[in-house]
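Please keep the sequence and the coordinates at hand while reading.

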Amino acid sequence: MPSVSIGERITYSLTQFIIESHEIATMSFQRLVSRQLLKSNTRLVQGNGMAISRLQNSLAPSTQSLNKNLACYSTANKKYTKAQKGVAGDKGTSGGSGGSGGGRGRMPTVPAILAVMSLVFSAFYMFKDSDKNKEMAKVQKDELEQEKEELIAMLKEQDKLEKESKDKTVSDKDGADTEGYVPGKIVSERFSQKEIDEFPFDKKTVVFVLGGPGSGKGTNSAYLVRDYGFVHLSAGDLLRAEQKREGSKVGELIAHYIKEGQIVPYEVTIGLLRDAMMDHKESDKFLIDGFPRSMEQKVAFENGVTNCKFVLYFECIEPILVERIMNRAKTSGRSDDNIDSLKKRFKVFQNESYPVVAEYLKYNKVCTVNCNDSVDKVYSNTKECLEKFK
């Protein structure tokens with residue numbers, strides 16, 4: 001048998017130990033990743049994916065170090081194998097003492113021993129880091145679970161509030177009289193259902209005129225009536241007239257909403273617009289100014305009356321609108337021409353009315369008019385819009 005030194009035996013044994021440790025570490029890492037994937041909640045896939053990615057990234061340096069050290073140790077192992085062959089070759093020439101001397105001459109080098117110890121420590125820290133990252137992944141999952149529960153609770157509360165707001169009757173608001181208001185039903189105080197059913201709404205051309213308060217909707221609509229023969233129906237004017245009409249069943253209700261800068265229930269507004277259209281049986285063209293002010297109104301009008309041909313949208317910056325309204329307030333006598341109501345009306349327009357414009361833009365049914373210019377320039381742009389949709 002060839003004589004092998006104790007150092008070489010230690011080196012060989014450590015080689016086998018490190019190789020086996022590397023295999024065990026690899027299997028453990030694979031099992032760890034598998035467990036993390038199996039524990040992932042379907043609603044937290046993204047969060048857990050990030051945790052696993054961090055785990056893999058944190059293990060990468062240890063794995064690279066292990067592979068590097070294995071390469072170094074592979075070199076040392078080859079030297080050990082070569083040493084064994086050398087001992088076998090020296091048996092017949094140098095004798096036992098020569099073999100022993102040769103064995104001592106082939107003791108493992110310091111780099112080889114350091115490589116082995118580096119492998120041992122790499123394996124140890126890899127397992128340690130695996131446990132640490134496993135705990136981090138668990139903490140992150142718990143945090144995501146908590147955030148999910150908080151979000152679900154918040155959405156449920158929001159749905160509850162919206163439902164309560166919709167279910168709450170208008171009669172709860174400052175004692176407003178709601179005798180003529182039936183939620184979900186467009187009623188008329190002047191026409192019978194038979195007259196309404198027989199009126200040819202589908203043969204009429206309807207143009208919606210939208211824009212912020214003070215943008216020039218009324219002024220330009222009056223010019224279009226003069227030059228093109230439209231019938232101008234202002235939703236705001238109709239509501240204010242109905243509010244003052246003696247015997248109106250919805251006058252008090254309308255007054256409350258106008259004062260608060262809120263949108264009057266669509267059933268009331270559409271009922272007044274429909275009656276006004278029926279008052280002009282001979283006309284085929286209608287400009288409906290300041291309507292629809294919400295997606296709910298848009299849908300209800302198109303389902304209950306007729307579709308609009310296109311939308312004239314008067315666009316103007318807010319400072320100019322404020323200046324125009326405050327100047328108008330000096331002579332208009334309108335209850336909503338004040339700074340408090342104006343702020344509410346701007347907010348309502350941005351949150352509820354502009355989405356109507358955005359919806360019609362999808363179907364190329366909007367013509368936008370810049371209202372920051374002079375009255376004549378604005379009307380010139382308005383006529384150009386009208387020509388496009390003739």
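The structure is a predicted model.

**Strands around β3**

Strand β3 (285-289) has partners in both β1 and β2. With β1 (205-211) the pairing is parallel and extends over five bridges. Within that pairing, Phe-208 stands opposite Ile-288 of β3. Strand β2 (231-234) also runs parallel to β3, and four bridges join the two. Here His-232 is the residue opposite Leu-287 of β3. How many of the five residues of β3 are buried? Four of them are, so the strand is largely enclosed by the rest of the structure.

In soluble globular proteins, nonpolar side chains tend to be buried together. In this model the largest nonpolar core comprises 31 residues, and the members that touch the most other members are Phe-208, Ile-270, Met-277, Phe-291 and Phe-301. At least two residues of this core come from each of β1, β2, α8, β3, α9 (295-304), β4 (310-315) and α11. Helix α8 gives the most, with six residues.

When residues within four places in sequence are left aside, Phe-208 is in contact with Ile-288, Phe-291, Pro-292, Phe-301, Cys-308, Phe-310, Val-311, Leu-312 and Tyr-360.

**Aromatic pairs**

A pair of aromatic rings is described by the distance of the centres and the angle of the planes. The model contains eight aromatic pairs. Two of them are set out here.

| Pair | Centre to centre | Angle between planes | Arrangement |
|---|---|---|---|
| Phe-199 and Phe-201 | 4.6 Å | 55° | tilted |
| Phe-208 and Phe-291 | 5.8 Å | 75° | edge-to-face |

The pair of Phe-208 and Phe-291 links distant parts of the chain: Phe-208 belongs to strand β1, Phe-291 to the loop between β3 and α9, and 83 residues separate them. Why does Phe-291 count as buried? Its relative accessibility is 0%, and the limit for a buried residue is under 20%. Phe-199 and Phe-201 are both buried as well. One aromatic cluster is formed by Phe-208, Phe-291, Phe-301 and Tyr-360.

**Cysteines**

A disulfide is a covalent bond between the sulfur atoms of two cysteines. A search of the whole structure finds one disulfide. Cys-367 and Cys-385 form this bond, with their sulfur atoms 1.9 Å apart. The link between Cys-367 and Cys-385 is left-handed, with -75° about the S-S bond. This pair connects distant parts of the chain, since Cys-367 lies in strand β5 (residues 366-370) and Cys-385 in helix α12 (residues 375-388), 18 residues apart. Both Cys-367 and Cys-385 are buried.

Cys-316, by contrast, is in no disulfide, and the nearest cysteine sulfur, that of Cys-371, is 5.9 Å away. Cys-316 is buried, with a relative accessible area of 15%. Cys-371 is also buried, at 1% relative accessibility.

**Annotated binding site**

Under "binding site", an unreviewed UniProt entry lists Arg-240, Gln-262, Ile-263, Val-264, Gly-290, Phe-291, Pro-292, Arg-293, Gln-297, Arg-334 and Arg-345.

Gln-262 is located in the loop between α7 (251-260) and α8 (266-278). With 32% relative accessibility, Gln-262 counts as partly exposed. Arg-345 is part of helix α11 (residues 339-361). Is Arg-345 buried or exposed? At 11% relative accessibility, Arg-345 counts as buried. Not counting residues up to four places away in sequence, Arg-345 touches Pro-213, Gly-261, Arg-328, Arg-334, Asp-336 and Asp-337.

Technical notes: Residues numbered from 1 in each chain as written. Predicted model: local features only at pLDDT ≥ 70, side-chain atom pairs only at ≥ 80, totals over all residues. Heavy atoms only, no water. UniProt positions renumbered as here; feature names shortened; annotations may be inferred. Buried < 20%, exposed > 50% of the residue type's maximum accessible area, 1.4 Å probe, protein only. Contact = heavy atoms within 4.5 Å. Core = buried A, V, L, I, M, F, W, Y, C linked by side-chain atoms within 4.5 Å. Disulfide = S-S within 2.5 Å. Pairing = 2+ DSSP bridges. Phe/Tyr/Trp six-rings, centres within 6.5 Å; stacked < 30°, edge-to-face > 60°.
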